[in-house]
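Hello,

Here is the structure I promised to pass on. Please open it first, then read my notes below.

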Amino acid sequence: MAEPKNDDFLDDIAEAEAEEQAAELHEAGADEIELDALRAERDEFRDRFMRALADAENARKRSEKDRREAENYGGSKLARDMLPVYDNMKRAVESASDEQKAVSAALIEGVELTMRELLNVFAKHGIELISPKVGDKFDPQIHQAMFEAPVPGTTAGEIIQVSAEGCMLHDRLLRPAQVGVSSNPAK
């Protein structure tokens, strides 16, 4: 008599293969999860690296800008302090009468030469004088109105007197020109 076929061992093989596939899928899933975590960490490090590079570049640009500003405007206090020296020398030369100029020609010439040298040093360092003329239009960006007065023959906002010259350091105002301004009503 023939023995009945026992196909149970086939079921066991199928179960074993299913378990093996499940283990491989589980292992592959774990590897995929680990790979995803590593990718996320890599992306985070890349982002941090790029931000650090950008910060370093910004710091370099900022320090370069600060260096240029220090170079251009570092002497502004000294320049501002030298303006009264220029003003006094100019007043001294302008106040000398013809008789005094004849008697003290060498002294007056020395003051004029010193004043010219001071202007050369100003120009060398980017300092330029603001010298408005009577009749110019008042500009509040570079002029300071010391007084207003109605002067016949002038229009409102016209400079009628210059008290002191102003000064610019490159593109910055060190001292506004001090002027008197006409206050005639508009016609």
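Start with one term: a residue is buried under 20% relative accessible area, exposed over 50%, and partly exposed in between (1.4 Å probe, protein chains only). This is a predicted model, where local features need pLDDT of at least 70, side-chain atom pairs count only at pLDDT 80 or more, and totals for chains, interfaces and linings use all residues. Residues are numbered from 1 along each chain as its sequence is written, and side-chain values use heavy atoms, leaving out hydrogens and water.

First, N184. It lies in the segment after β6. Helices (H or I, at least four residues) and strands (E, at least two) are DSSP runs, numbered from the N terminus. N184 is buried, because its relative accessible area is 10%. Leaving aside residues up to four places away in sequence, N184 touches P150, V151, P152, G153, T154 and A156; contact means heavy atoms within 4.5 Å. Take G153: 31 residues separate N184 from it in sequence, and the C-alpha to C-alpha distance is 8.8 Å.

Next, the sheet. Three strands form an open sheet, ordered β2-β6-β3, with mixed pairing. β2 (143-149) and β3 (159-164) are the edge strands, each pairing on one side only. Two strands pair if DSSP finds at least two bridges between them. Six bridges join β2 to β6 (residues 177-182), and these two run parallel. A145 stands opposite V179 in β6.

Last, the helix. L53 sits in helix α1 (residues 8-73). L53 is partly exposed, because its relative accessible area is 44%.

Best wishes
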